[in-house]
There are 2 protein chains.
Amino acid sequence: MSPKITTELLKHLRQVMKNPRYVQEPVQAYIVPSGDAHQSEYIAPCDCRRAFISGFDGSAGTAIVTEQHAAMWTDGRYFLQAAHQMDSNWTLMKMGLKDTPTQEDWLVSVLPEGSKVGVDPFIIPADQWKRMSKVLRSAGHDLVPVKENLIDTIWTDCPQRPCKPLITLDLSYTGVSWRDKIVALRSKMAERKVMWFVVTALDEVAWLFNLRGSDVEYNPVFFAYAVIGMNTIRLFIDGDRMMDPAVREHLQLDSTLEPEFKIQVMPYGSILSELQAVGAGLSPKEKVWLSDKASYALTEAIPKAYRYLTPYTPICIAKAVKNTAETEGMRRAHIKDAVALCELFNWLEKEVPKGTVTEIVAADKAEEFRSQQKDFVELSFATISSTGPNGAIIHYKPVPETNRTLSVNEIYLLDSGAQYKDGTTDVTRTMHFGTPSAYEKECFTYVLKGHIAVSAAIFPNGTKGHLLDSFARSALWDCGLDYLHGTGHGVGSFLNVHEGPCGISYKTFADEPLEAGMVVSDEPGYYEDGSFGIRIENVVLVIPAETKYNFKNRGSLTFEPLTLVPIQTKMIDVNLLTEKERNWVNEYHQKCREVVGAELERQGRHEALRWLLRETEPLAPVQ
Amino acid sequence: MSPKITTELLKHLRQVMKNPRYVQEPVQAYIVPSGDAHQSEYIAPCDCRRAFISGFDGSAGTAIVTEQHAAMWTDGRYFLQAAHQMDSNWTLMKMGLKDTPTQEDWLVSVLPEGSKVGVDPFIIPADQWKRMSKVLRSAGHDLVPVKENLIDTIWTDCPQRPCKPLITLDLSYTGVSWRDKIVALRSKMAERKVMWFVVTALDEVAWLFNLRGSDVEYNPVFFAYAVIGMNTIRLFIDGDRMMDPAVREHLQLDSTLEPEFKIQVMPYGSILSELQAVGAGLSPKEKVWLSDKASYALTEAIPKAYRYLTPYTPICIAKAVKNTAETEGMRRAHIKDAVALCELFNWLEKEVPKGTVTEIVAADKAEEFRSQQKDFVELSFATISSTGPNGAIIHYKPVPETNRTLSVNEIYLLDSGAQYKDGTTDVTRTMHFGTPSAYEKECFTYVLKGHIAVSAAIFPNGTKGHLLDSFARSALWDCGLDYLHGTGHGVGSFLNVHEGPCGISYKTFADEPLEAGMVVSDEPGYYEDGSFGIRIENVVLVIPAETKYNFKNRGSLTFEPLTLVPIQTKMIDVNLLTEKERNWVNEYHQKCREVVGAELERQGRHEALRWLLRETEPLAPVQ
């Protein structure tokens, strides 16, 4: 992996930073964040501006270029990769290390007095603008919005913004029509006395209109904004996608509709001017609801007194609570996904001893088996297929340079998932194709105990997910072990594999309480640098729990595993399990047998069925 | 309990609200918060201004008086009491109920346009001022500081501010001299590039100078401020307490000292003008460190650009980590406290069946036994002595109107503690002097399981206490039960029984990580309205834990119980315990026997010793 040569590019960028064609006044620094205009986690190639200017293409990083310097902030996952991918023009700022300055402090230390720091106001979230602007101002500098993205001006072969066809989802998938979603949204708006709601997150637009796209890899979304008034609906979207008769029919664009459900389709690029017009026409007490993570540009379009900002939008919260059609869809998707993984693991078991299966081959094979399933659309994230020491790299993705061959001597960790039209999956299994050591089994069993502690937890209605995080760690902690990531994230329904507002992590406090119908992952792990990685991940559904008593009539919740893939019993040290934990494993495996077994049978996959039956034999009794 | 008649008082207050002798401009509303100028939890009688003006004397509440209205905000603990104690001039604002407006919203709804809202700037914390002021300003009103406290102007028989003699603590109690504490503080100041530190919390002043007082009931503190510079020490304190030769000697007031350790003693009331002088004399980049909970008056004395505000001060954090002398003192204090409680429970066992022991009698008897112990100073909080349904009132304190007689048919809950010169105690035991029902035992055992889950928890260095809270609830949650309070609070060393910056609660996220040497309580409970209350509370010391492995070399922590009072085995349903839990109880009781037994023996308390031996018999094996 040789670094990208950026000398000319930086020279070019520094020229446009002073070019009155692009900037009102010269800017002495220009910030290039990771994100897109929708604060997406996964971005399209045309939005990979930071990778273009620096060469560093990890998922997180912020570049700042001044007349003298070029610096890149990224976190511990990417120190090595960034160092490899960037040339000597760049200084790597290792976030999380004690001596690494913040972006603001660094700017203050290198800039001449009274400098202007430019940033694309569409890319920077309003809350981040506020924080940064305050520090810079107090040091005598100014953060200024630069309307035209300066990277785009020098990126001559920048790919086009994708504009792929849309998929319409009918009621059998969504359970609720887009009209009813608009009605529900307007009632939330009325509750908060808000006249307008601006939908900026791509998955929120997709969910609201029961549409899906493929503009961004892994996330079935499309570039669009929406502005919902009490009597109007405006959808900002480009291309001829709105010419598709199925989409026109779905959105009833050609029907005689009550005016309040008539969708006005407008160009994607007109959101700012339209929103400014909305802002200019507001009467006193008419508020506009935006996510507090919306871009600075859109937030500023609404005068401050009229803004109503919340960390989670009503769509984000409604989207998280899956209805019956969605949970049924998620169940179906997970059964199909389990079929594919039974096939894969059965195949690996036979092929690995031959020494020809690499991490990439295994990942491709997983995709192949998944793509044979009904309604398969694409993967839901880049497959983490890692063996031996690569397993300890938590966000590993095999590439030719690192690609390792699976063997009977190493632990294999596969974290993978797919998008099906009826649901999104995300599952991690850790396997050994030979004989695991006692130590490997011990660690695996602690992780399993943590997984079960969360999955079987019973907790009152209103409990936030972060209060369950320690349950996942307790068995590891008892032995002085731990893992340095959260325990779970929200999962969309044929939508983003990571979604808010719920999750299970020691790091958050602002998560929304868990509710029946929410879907999260349960994925504790243990990683030993240079040796192996262990993670056991199921996607689980929050369901009501039956309890002996019912304090203050609050009701209780628990989880139902949606993922139904055997957990390798060979890796379990049964003597470390309690009776309750052993029963949990046996009941889980019994369910895998019944549900996935029936589907394997139906699909005529007899060899995989035999594998499933063998892998789900009850555990030996605890001694 | 008849309400206080406040018609004349309110008339009088409304007059001074317009009287130019006290206010620059008339104020249309006046806020009377609960606190004192040090944001103390427990306050002196002269600071009970809200109780004086309204009659309501609960520990939490804010009164606001306008020309037309008088309103009182308090929380669910005090709805009944406030309604009883206040006359019809007052409107009770029930905090936590959906329809109750916030103080700001209520003010906006009742005030005429462009009103002034007054408050004593010494009583309102700066962060609260900021929040309130913002809302009022955006509605066209002004929050204004009223220098003279308006309640004091009409409170003709207001008690004097207490000014009791001081206690000096030598190295055998404190482990570190006040000079060394100043040196350590200055080194923290240098680290943060801060030139001045303002000590506003009473327990922080007491800790820093190794002095104690008795100006406030239960908290061995005295009214004072301190301002520490890199070369100066100013102590703001009133009265002839500084004439006491022991105090002069302790503070070396008459010695020839290096100038940087020379304490300048100044009048308590001169803090503001002195701080203003400091503020006026600052050079650029000279910062002044204050708690962000310090009063608005003192915070404003320092120009904004020069303030360095943190939620926890370095003294708060240093004070929380007890040194060897302090932990040894805490251990001694808890042994003495256990002796007193063994005597009490032995006595109760004999007396309760006679039907003559009321909650107040039991509380008095507990105090009597404690006061027989060496270095006893006073109680550390108002004893919660509650039987039957009174036990379900979490912050109950027996008064003649509610005083209930203990019997062999009801559960008795005693939450009590004391200040000894060597340490502070806080212990809750729940007892039955007859035969508990199966249901009572079941609930008690769940609470015990939660207590043990926290006490025996092993967790990595750097873990915050709130991450342990769910361990205390898990057994209750499994059966649909819970309790509506936190699990633990920090405990001072012969200081406040509640102190920051650590604790164990689902409610906080801003707590500081637990460290070896910190002392917290572990007190899960279960309360059934109208029937009974159960709580099991030990004070525990954070200690290093030995673990099999040591991930990333972080080291692990666990707890050592300082409280050594038997947990009533009669209340335990042994079949609900795991083997590990049963062993914990037996080992705990074994330690009570050995440590407290030896002290009972030494003090010749043979009957209580026999009681202890009987109560600490090992549990029957789990069936």
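Modeller: UniProt positions are given in the numbering used here, feature names are shortened, and annotations may be inferred rather than shown by experiment. In this case, UniProt lists "domain: Creatinase N-terminal" (unreviewed entry) for residues 49-150 of chain A. The model is predicted, so to speak of local features requires pLDDT of at least 70, side-chain atom pairs count only at pLDDT 80 or more, and totals for chains, interfaces and linings use all residues. Residues are numbered from 1 along each chain as its sequence is written, chains are lettered from A and ligands numbered from 1 in the order in which they are written, and side-chain values use heavy atoms, with hydrogens and water left out.

Biologist: Into which domains is chain A divided?

Modeller: Domain bounds come from an automatic or database domain assignment. Chain A has domain 1 (6-154), domain 2 (167-318) and domain 3 (321-615). Between the C-alpha centres of domain 2 and domain 3 of chain A the distance is 34 Å. Their contact (heavy atoms within 4.5 Å) takes 23 residues from domain 2 and 24 residues from domain 3 of chain A.

Biologist: At what angle do helices α8 and α9 of chain B pack?

Modeller: Axes are lines fitted to C-alpha atoms, for helices over the stretch in contact, and angles run from 0 to 180 degrees between N-to-C directions. Helix α8 (residues 178-191) and helix α9 (residues 202-209) of chain B pack at about 115°, and their axes are 7 Å apart. From α8(B), Trp178(B), Lys181(B), Ile182(B) and Leu185(B) meet Trp207(B), Leu208(B) and Phe209(B) of α9(B). The residues of this contact comprise six nonpolar, no polar and one charged; here Ala, Val, Leu, Ile, Met, Phe, Trp, Tyr, Cys and Pro count as nonpolar, Asp, Glu, Lys and Arg as charged, and the others, Gly among them, as polar.

Biologist: Which backbone features deserve attention?

Modeller: Most residues other than glycine have a negative phi, and most peptide bonds are trans. In chain A, the peptide bond from Gly500(A) to Pro501(A) is cis, with omega near 0°, and Pro501(A) lies in strand β23 (residues 499-504). In chain B, a cis peptide bond joins Gly500(B) and Pro501(B), and Pro501(B) lies in strand β23 of that chain. Gln39(B), although not a glycine, has a positive phi of about 55°; this residue lies in the loop between β1 (29-32) and α2 (49-54) of chain B. Lys552(B) also has a positive phi of about 55° and is found in the loop between β27 (538-545) and β28 (556-561) of chain B.

Biologist: Is Ser493(A) buried or exposed, and what does Ser493(A) contact?

Modeller: Ser493(A) counts as buried because its relative accessible area is 9%. Ser493(A) sits in the loop between β22 (488-490) and β23 of chain A. Leaving aside neighbours within four places in sequence, Ser493(A) is in contact with Arg212(A), Lys322(A), Glu326(A), Met330(A), Asp422(A) and Thr424(A). The C-alpha atoms of Ser493(A) and Gly423(A) are separated by 4.8 Å, although these residues are 70 residues apart along the chain.

Biologist: Why does Pro513(B) count as partly exposed?

Modeller: Pro513(B) counts as partly exposed because its relative accessibility is 27%. Pro513(B) lies in the loop between β23 (499-504) and β24 (519-522) of chain B.

Technical notes. Helices (H or I, at least four residues) and strands (E, at least two) are DSSP runs, numbered from the N terminus. Buried means under 20% relative accessible area, exposed over 50%, partly exposed in between (1.4 Å probe, protein chains only).
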